[in-house]
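Hi,

Here is the structure I promised to pass on.

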Amino acid sequence: MSNFCKRNSEDGTNLTEDQIQILLKNTPFDRDEINEWHREFLADVPNGRMGKYKLIQFYKLLYPNGKCDKFCKRVFKVYDRDGSGKIDFVELMLSVSITASTDMNQKLSLAFKLFDKDNSGTIEREELIDVIQSIYDMTIHEKDFKRRIDVEELVDEIMEKFDDDKDGHLVTQEFFQGCINNPSLAELIIPY
Ligand SMILES: [Ca+2]
Ligand SMILES: [Ca+2]
């Protein structure tokens, strides 16, 4: 029996009770919704392990005229919590539920991870430029998106307003507080 469960959880096509419990605890979805999401996930990703290419395809549906590759590669790294090189159903649901939620702290903490490319625990100017540029490459062509913005200028403004101690690094507190105090800037840089 235990071997059977283990095999199922490893091949990613079955939801274990442990996984359901994690999702019930950490997402707004109930058991039926989780099972329904899982069925749809498997219809799209039959082996239960989503690779980078699949994620890029998904974003291309959302932004058919944008360049999604770079942003997707970054998102993929953040969603792939255990660094296995694939996104499983639980990882996808945990991240998607944050982007869909109204919990500002969770959203900011996901955004912080997105920007902190080298996992140093702080966000640097170059990281902001790089990630914001990739967001714009993806979204700029959409007609409802705001006019083209000079990314370097935008980043200068962010550093000016967010970096309280002017040391060139944004710690979590500076990033969170900066986004809360400057909602119009936050809106430009948080892609969900
Ligand atoms: Ca960093
Ligand atoms: Ca600082």
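The angle between α4 (residues 52–62) and α5 (residues 69–79) is about 125°, and their axes are 9 Å apart. Axes here are lines fitted to C-alpha atoms, for helices over the stretch in contact, with angles running from 0 to 180 degrees between N-to-C directions. Helices are DSSP runs of H or I with at least four residues, strands are runs of E with at least two, and both are numbered from the N terminus.

Before the rest, some housekeeping: this is a predicted model, in which local features need pLDDT of at least 70 and side-chain atom pairs count only at pLDDT 80 or more, while totals for chains, interfaces and linings use all residues. Residues are numbered from 1 along each chain as its sequence is written, and chains are lettered from A and ligands numbered from 1 in the order in which they are written.

Back to the first pair. On the α4 side, Lys52, Leu55, Ile56 and Tyr59 meet Asp69, Cys72, Lys73, Val75 and Phe76 of α5, where contact requires C-beta atoms, placed from the backbone, to lie within 7 Å. Sorted by class, this contact has six nonpolar, three charged and no polar residues (nonpolar: Ala, Val, Leu, Ile, Met, Phe, Trp, Tyr, Cys and Pro; charged: Asp, Glu, Lys and Arg; polar: the others, Gly among them).

Helix α5 also packs with α7 (104–115), at an angle of about 120° and with the axes 9 Å apart. That makes α5 oblique to α7 as well. Arg74, Val75 and Val78 in α5 meet Leu110, Lys113 and Leu114 in α7, a contact of four nonpolar, two charged and no polar residues.

Which residues of α5 are buried? They are Phe71, Cys72, Val75 and Tyr79 (buried: 20 or more other C-beta atoms within 10 Å of the residue's own; exposed: 12 or fewer; partly exposed: in between; C-beta atoms placed from the backbone). These residues cover an arc of only 95° around the axis, so they sit on the same side of α5; the arc is that of the directions from the helix axis to the C-beta atoms. Their cover includes α4, β2, α6 and α8.

Lastly, Asn119 has a positive phi, near 55°, without being a glycine. Asn119 lies in the loop between α7 and β3 and counts as exposed, with 8 C-beta neighbours inside 10 Å.

Best wishes

Key. Contact = placed C-beta atoms within 7 Å. Parallel < 35°, antiparallel > 145°, perpendicular 65-115°, else oblique.
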